[in-house]
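Morning, everyone. I have one structure to show you today. Please look at it first, then I'll walk you through it.

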Amino acid sequence: MIRALRQRAERRQLMAAEAEVAEVREELRRLRARLPQLTGALAASSDGFVVAQDGAPQAAEGIAALTAAALGVARRLTETTGQGGFRELVVRGEAGYVATYAAGSTAVLTLLADPRVNVGRLHLEARRSSTRVGELIDGALDRQETP
């Protein structure tokens, strides 16, 4: 009986986690609809695991891993220079931008954008979405920790 109750609780947790992932994916889709210059959006754990993606290239796992490495350097840089906790990182390349935003306590939002994106608008929209993604992921983690 105890085993059956545990299995039922685990199934409920899995279903709740799947619902959160679907909501994160939907938030990424809405963000890309508001900013048509985005070529990809990726929510990942701060240790480099993909949570959800929309339009991101096939190399999502590699991008998530590189984001985690860049996040480590960015966190260390902001702390060492006395600038406080990490908030965002923007890299501009010849073919566009890669922007990473803190999303709650354990996740990040990484966006790929073409070079013609309005960077101010990118920040505005991404900050809103990263807050929502962080709420969803942190909420899912809180529910998993609660017995």
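I'll go from the overall layout to the sheet, then the cores, and end on one threonine.

Some ground rules. This is a predicted model, where local features need pLDDT of at least 70, side-chain atom pairs count only at pLDDT 80 or more, and totals for chains, interfaces and linings use all residues. Residues are numbered from 1 along each chain as its sequence is written, and side-chain values use heavy atoms, with hydrogens and water left out.

Layout first. The protein has 3 helices and 5 strands. Both are DSSP runs, numbered from the N terminus: helices are H or I with at least four residues, strands are E with at least two. Starting at the N terminus, the order is α-β-β-α-β-β-β-α. Of the 147 residues, 37% are buried. Buried means under 20% relative accessible area, exposed means over 50%, and partly exposed is in between, with a 1.4 Å probe and protein chains only.

Now the sheet. In what order do the 5 strands sit? They run S2-S1-S5-S4-S3, in an open sheet with antiparallel pairing. Two strands count as paired if DSSP finds at least two bridges between them. At the edges are S2 (50-54) and S3 (88-93), each pairing on one side only. From one strand to the next, the twist averages 15°. That uses axes, which are lines fitted to C-alpha atoms, for helices over the stretch in contact; angles run from 0 to 180 degrees between N-to-C directions.

Take the pairs one at a time. S3 and S4 (residues 96-103) pair over 6 bridges. There, Val90 stands opposite Ala99. S1 and S5 pair over 7 bridges, with Gly40 opposite Leu112. S1 and S2 pair over 4 bridges, and Ala41 faces Asp54 across that pair. The hairpin of S1 and S2 has 4 residues between the strands, and Gly48 there takes a positive phi near 100°.

Is S1 enclosed or open to the outside? In S1, 7 of the 8 residues are buried, so this strand is largely enclosed by the rest of the structure.

Next, the cores. In soluble globular proteins, nonpolar side chains tend to be buried together. A nonpolar core here is a set of buried Ala, Val, Leu, Ile, Met, Phe, Trp, Tyr and Cys residues joined through side-chain atoms within 4.5 Å. The largest one has 22 residues, and Val24 and Leu122 are among those with the most contacts inside it. H1 (2-34), S1, S4, S5 and H3 (119-145) each give two or more residues to this core. H3 gives the most, with 5 residues. Val24 touches Ala43, Ala52, Val133, Leu136 and Ile137, not counting residues up to four places away in sequence. Contact means heavy atoms within 4.5 Å. A second, separate core has 9 residues, including Leu42 and Ala74.

Last stop: Thr67. Thr67 lies in helix H2 (residues 60-80). Is Thr67 buried or exposed? Thr67 is buried, with a relative accessible area of 8%. Leaving aside neighbours within four places in sequence, Thr67 is in contact with Thr100, Val108 and Thr110.

Over to you for questions.
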